[in-house]
Amino acid sequence: MFLRSLFLPVVATSRRDLFERLLQLLVGLFLYGVALGFMVRAGIGVAPWDVLALGLAGQTGVGYGAMTVLVSIVVLLLWIPLRQRVGLGTVLNALLVGPSADLALYLIPQPASVWIGAPMFVFGLLLLAFATGLYIAADFGPGPRDGLMTGLVRRTGWAVWLVRTLIEGGVLLIGFLLGGPVGVGTVLFAFGVGPLIGWFLPRITRIREARSRQLATPRAA
């Protein structure tokens, strides 16, 4: 009973549907980490949560990927007083994105100039929005940061935009004070990620839902 109240149930129309959605989740999370690697390597600034992770990494000597995992775990601990329910996607998000980003940073070379770094950042931003659509549409629960936002909205009754702004602004300020990289990319992310996810997510969700319905249809005798 306790575990049922803590974890979101896994629902699927068939075993094939479950397998395909799990694969979609894993691919989405892997590509999300790769996207972060591109944006970090671009060297023109990063998203607020990555400003925090890189700032903490610089202060502690812990690698960026490992610090991303640690930050996600701390955020999950903040779910406890909010009574948020954890999904499989939530746990895998916390554990897999950081290592994927580290792998990308290992493989992606440092750009020779900002004229190469800027397109790298834009590519990373587009890839991140696509990857976000993939893992959210798989429907295995929200990521740690998204769950923190929705939990605070439910508990406080404040508007989503206000809670999101307070969280992102606070994280950005702390990361900046710790020496995290803030730049043009940070601004591009702030204004670009929402519309891009808003374009990718409904389209990927429609495709996934149609596929799940197809897999639920019994074959004719």
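Is threonine 186 buried or exposed in this structure? Threonine 186 is buried, because its relative accessible area is 5%, where buried means under 20% relative accessible area, exposed over 50%, and partly exposed in between, with a 1.4 Å probe and protein chains only. The model is predicted, so local features need pLDDT of at least 70 and side-chain atom pairs count only at pLDDT 80 or more, while totals for chains, interfaces and linings use all residues. Residues are numbered from 1 along each chain as its sequence is written, and side-chain values use heavy atoms, with hydrogens and water left out.

Threonine 186 has its place in helix α9; helices (H or I, at least four residues) and strands (E, at least two) are DSSP runs, numbered from the N terminus. Apart from neighbours within four places in sequence, threonine 186 is in contact with Ile44, Gly45, Val46, Val51, Leu172 and Pro181, contact being defined as heavy atoms within 4.5 Å.

From here we can turn to the core. The largest nonpolar core has 53 residues, and those with the most contacts inside it are Tyr64 and Phe189. Two or more residues are given to this core by each of α2 (15–42), α3 (48–60), α4 (64–82), α5 (88–107), α6 (114–137), α7 (144–156), α8 (160–177) and α9 (184–216). A nonpolar core is here a set of buried Ala, Val, Leu, Ile, Met, Phe, Trp, Tyr and Cys residues joined through side-chain atoms within 4.5 Å. Phenylalanine 189 touches Met39, Ala47, Pro48, Phe121, Leu125 and Leu128, when residues up to four places away in sequence are not counted.

Tyr64 also takes part in the meeting of α3 with α4, where Trp49, Asp50, Leu52, Ala53, Leu54, Leu56, Ala57 and Thr60 in α3 meet Tyr64, Met67, Thr68, Val71 and Val75 in α4. By class, this contact has ten nonpolar, two polar and one charged residues, with Ala, Val, Leu, Ile, Met, Phe, Trp, Tyr, Cys and Pro counted as nonpolar, Asp, Glu, Lys and Arg as charged, and the others, Gly among them, as polar. The axes of α3 and α4 come within 9 Å and cross at roughly 115°, the axes being lines fitted to C-alpha atoms, for helices over the stretch in contact, and the angles running from 0 to 180 degrees between N-to-C directions. Threonine 68, in helix α4, counts as buried because its relative accessible area is 6%. Its contacts, leaving aside neighbours within four places in sequence, are Ala53, Gly98 and Arg145.

Helix α7 is the next stop. Its 13 residues should span 18 Å at 1.5 Å a residue, and its end C-alpha atoms are 18 Å apart, which agrees; the expected span of a helix is 1.5 Å times one less than its number of residues. In α7, Pro144, Gly147, Leu148, Met149, Gly151 and Val153 are buried, and the buried residues of this helix pack against α4, α5 and α8. For proline 144 the relative accessible area is 0%, and this residue is therefore buried. Although proline 144 and leucine 76 are 68 residues apart in sequence, they are 5.7 Å apart in space, C-alpha to C-alpha. Beyond neighbours within four places in sequence, proline 144 is in contact with Ser72, Val75, Leu76, Trp79, Thr90, Asn93 and Ala94. Just after α7, glycine 157 takes a positive phi of about 80°.

The loops remain to be considered. Valine 86 is found in the loop between α4 and α5 and is buried, because its relative accessible area is 14%. Not counting residues up to four places away in sequence, valine 86 touches Leu6, Phe7, Leu8, Trp79 and Val91. Arginine 83 is found in the loop between α4 and α5, but counts as exposed, because its relative accessibility is 69%; its phi is near 55°, a positive value in a residue other than glycine. Aspartate 139, in the loop between α6 and α7, has a positive phi of about 65° although it is not a glycine, and at 57% relative accessibility aspartate 139 counts as exposed.
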